[in-house]
Amino acid sequence: MKIQDIQSIQALLATPKKIAIIPHRSPDGDAMGSTLGLYHFLLKYNHQAVVIAPNEFPDFLSWLPGSETVQIFEKNKEKCTKILEEAEIICTLDFNAFHRVGEMEKVLEVLNTTYIMIDHHQKPDDYAAYMYSDTSFGSTCEMLYNFIGFLGEKEAIDKTIGTCIYTGILTDSGSFKFPGTTGNTHRIVADLIDLGVENTTIPTLLFENSSYNRLQLLGRALQNMKVIPEFKTSYITLTQEELNSFHYVTGDTEGIVNFGLSIKGIHFTAIFIENREENIIKISFRSQGGFDVNQFARDHFNGGGHRNAAGGKSTVSMAETIQKFEDLVTKITL
């Protein structure tokens, strides 16, 4: 960040403020970890901080400290809108464009307030007065750790804040397997462990605490997997009927897409999930090596993200979406 921006933020935070903190819609571990980490940091300095999530977050993140205080915009639009309208500062974490927050976009785009963005995705919009945007980082939580350091408040990071930050780093790095994981990532994690963060317990809470229905849904997803070996590609589909039959709840499909890359010789994978309520096919893309799924998602499926992990959507049927995907795959080089 620019020195002048850091100094301006320090001046803003020098006296207690009403601050709203927002993750993207369908928040993952990095989004919830970063927003709750910042929430606990701001409380230490007597700010009136509130995390407002656009919609429900996954149950496997409900153990995060402070998660019970999170306001859900879709469940209480009037209350959340009032908090946003009264906020002196709004911090947006792990996203960089208002369309990533769903219905809340209509509220945010008309507010005359100070925005602070902390994010690691490509091509940020210019709504924020202060922007910490860097695509080289594997997680927004790693950036939050640095952000607190920029403010000269690294000593404020305690076990509670560290737990939130560690969660986001762990999940967005694919348990430290993704390319964005650096030596500095591990140095930060080492600092967090020294603060008492329970690095042996958190992975269990995140990855080994599934419901029976979620495991059954995973089984169906793997049964549905298709492989196109000549194009080093795989994909998974889940229809609305399949989701319903296994009593799907938010978060149940998290991470399933990654199984497609576990097959020998596969460099590109996707998962297509039908959402009848929104009348879309939600898509997640993953790759390994040089293939840029961010650009692929932007060019063909109204999405985006990172080089090796991105998302998108389709407004046509599942069959038409899959046909389009298969046609595109024959034209790319992996």
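Reply: The model is a predicted one, in which local features need pLDDT of at least 70 and side-chain atom pairs count only at pLDDT 80 or more, while totals for chains, interfaces and linings use all residues. Residues are numbered from 1 along each chain as its sequence is written, and side-chain values use heavy atoms, with hydrogens and water left out.

A pocket here is an open set of points on a 1 Å grid over the protein atoms alone, with protein on both sides within 12 Å along at least five of seven lines; a lining residue has an atom within 4 Å of a point. The second largest pocket holds about 180 Å³ of space, a volume being the space filled by probe spheres set on the points, which are joined across faces, edges and corners. Its lining comprises four nonpolar, five polar and four charged residues. In this scheme Ala, Val, Leu, Ile, Met, Phe, Trp, Tyr, Cys and Pro are nonpolar, Asp, Glu, Lys and Arg are charged, and the others, Gly among them, are polar.

A cavity, by contrast, is a set of points where a 1.4 Å probe fits but cannot get out. The whole structure contains one cavity of 30 Å³ or more, and the largest cavity has a volume of about 40 Å³. Ile9, Leu13, Leu38, Leu42, Cys91, Ile116 and Phe147 line the largest cavity; by class these are seven nonpolar residues, with no polar and no charged ones.

Ile9 also belongs to helix 1 (residues 3–12), whose buried residues are Asp5, Ile6 and Ile9. These fall within an arc of 100 degrees when seen down the axis of helix 1, so they line one face of the helix. Ile3 and Ala11 are exposed on the other side of helix 1. Helices (H or I, at least four residues) and strands (E, at least two) are DSSP runs numbered from the N terminus. Buried means under 20% relative accessible area, exposed over 50%, and partly exposed in between, with a 1.4 Å probe and protein chains only. The arc is taken from the directions running from the helix axis to the C-beta atoms. The buried residues of helix 1 pack against strand 5 (114–119), strand 6 (130–133) and helix 5 (140–150), contact meaning heavy atoms within 4.5 Å.

In helix 3 (residues 77–86), the buried residues are Cys80, Thr81 and Leu84. Down the axis of helix 3 they too lie within an arc of 100 degrees, and so line one face of the helix. Glu78 and Glu85 are exposed on the face turned away from that buried side. Among the partners of the buried residues of helix 3 are strand 2 (48–53) and helix 4 (105–108).

Cys80 has 0% relative accessibility, yet its sulfur is 16 Å from the closest cysteine sulfur, in Cys91, too far for a bond. Cys164 is likewise buried at 0%, and its sulfur is 7.6 Å from that of Cys141, the closest, again too far for a bond. Zero disulfides are found in the whole structure, a disulfide being a pair of cysteine sulfur atoms within 2.5 Å.

Most residues other than glycine have a negative phi. Ser26 has a positive phi near 50 degrees and is found in the loop between strand 1 and helix 2 (29–43). Ser175, with a positive phi of about 55 degrees, lies in the loop between helix 6 (159–172) and helix 7 (183–194). Ser26 is partly exposed at 29% relative accessibility, and Ser175 is partly exposed at 34%.
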